[in-house]
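User: I am new to reading protein models. Please take a close look at one part of this one, and show me how that part sits in the whole.

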Amino acid sequence: MNIIDLYNRKLNNPNIRFKKGIWDPADGGYENFKRLLRYIVLEKRQWSRDELLINVSDEFLRESKLYAGMERLFQYRIEDTIISSWEE
C-alpha cells in the first residue's frame, strides 16, 4: 500500500495509525511527508501557490494529520516544511 492510500484509510478510520517510522528520515520520512503534503494541497484542496502560502499553518497540519511529521522532520519550522515540499 502506498503512502497516499494509507493516508486516505487513516482519514476514513481514526483507529488506523501510521506505521512506526513513517517519518523516520532514514526510511523515506521526508519523501513521505512531501508526497502527502503535495497530495493534500494540490489534489484534495486544489490550492494555488498563493493559497498554499496563506493557508498552510500548524492548524492545517494538525487537521491533515501531518503535524507529527512536521515535528519530527522539521522541528516545528513551518517555513522549512513548505520549502522542502516545493523544491522545484
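Analyst: Start with the whole chain. Its secondary structure consists of six helices and zero strands. Read from the N terminus, the order is α-α-α-α-α-α. Keep in mind that this is a predicted model.

How far can you trust it? The chain has a mean pLDDT of 86, and 97% of its residues reach 70 or more. Helix 2 (residues 29–44) has the highest mean pLDDT among the elements, at 92. Helix 6 (residues 78–85) has the lowest, at 74. Where pLDDT is low, the predicted coordinates should not be read in detail.

Next, the overall shape. The C-alpha atoms fill a box of roughly 35 × 25 × 25 Å along the principal axes. A compact globule of 88 residues would have a radius of gyration near 12 Å, and the chain agrees because its own value is 12 Å. Buried residues make up 40% of the 88 residues. Now take the contacts between residues at least 6 apart in sequence. Of these, 54% join residues at least 24 apart.

The surface comes next. The chain exposes about 5700 Å², and carbon and sulfur atoms supply 44% of that area. As for charge, there are 15 positive and 15 negative side chains. The centres of the two sets lie 7 Å apart.

Now go to helix 2 itself. L42 lies in this helix. Leave out residues up to four places away in sequence, and L42 touches W47 and W86. Look also at L52, ten residues from L42 along the chain. The C-alpha atoms of L42 and L52 are separated by 9.0 Å.

Step past the end of helix 2. Q46 lies in the loop between helix 2 and helix 3 (49–55). Q46 is not a glycine, yet its phi is positive, near 55 degrees. Q46 counts as exposed because its relative accessibility is 62%, and the cut-off for that class is over 50%.

K65 is found in the loop between helix 4 and helix 5 (67–74). K65 is not a glycine either, and has a positive phi of about 65 degrees. Its relative accessible area is 42%, so K65 is partly exposed.

N8 lies in helix 1 (residues 3–12). With residues up to four places away left out, N8 touches Y39 and K44. N8 is partly exposed, with a relative accessible area of 21%. Compare that with the cut-off: buried means under 20%. N8 and N55 are 47 residues apart in sequence, and their C-alpha atoms are 21 Å apart in space.

Finish with another ten-residue step, this time from helix 4. E63 is found in helix 4 (residues 58–63). E63 is partly exposed, at 47% relative accessible area. The C-alpha atoms of E63 and L73, ten residues apart along the chain, are separated by 18 Å.

Terms used
Residues numbered from 1 in each chain as written. Predicted model: local features only at pLDDT ≥ 70, side-chain atom pairs only at ≥ 80, totals over all residues. Heavy atoms only, no water. Helix = DSSP H or I, 4+ residues; strand = E, 2+ residues; numbered from the N terminus. Rg over C-alpha atoms; globule rule 2.2 N^0.38 Å. Buried < 20%, exposed > 50% of the residue type's maximum accessible area, 1.4 Å probe, protein only. Contact = heavy atoms within 4.5 Å. Areas by Shrake-Rupley, 256 points an atom, 1.4 Å probe, with all protein chains shown as cover. Lys, Arg positive; Asp, Glu negative; His and termini not counted. Charge placed at Lys NZ, Arg CZ, Asp CG, Glu CD. pLDDT = per-residue confidence, 0-100.
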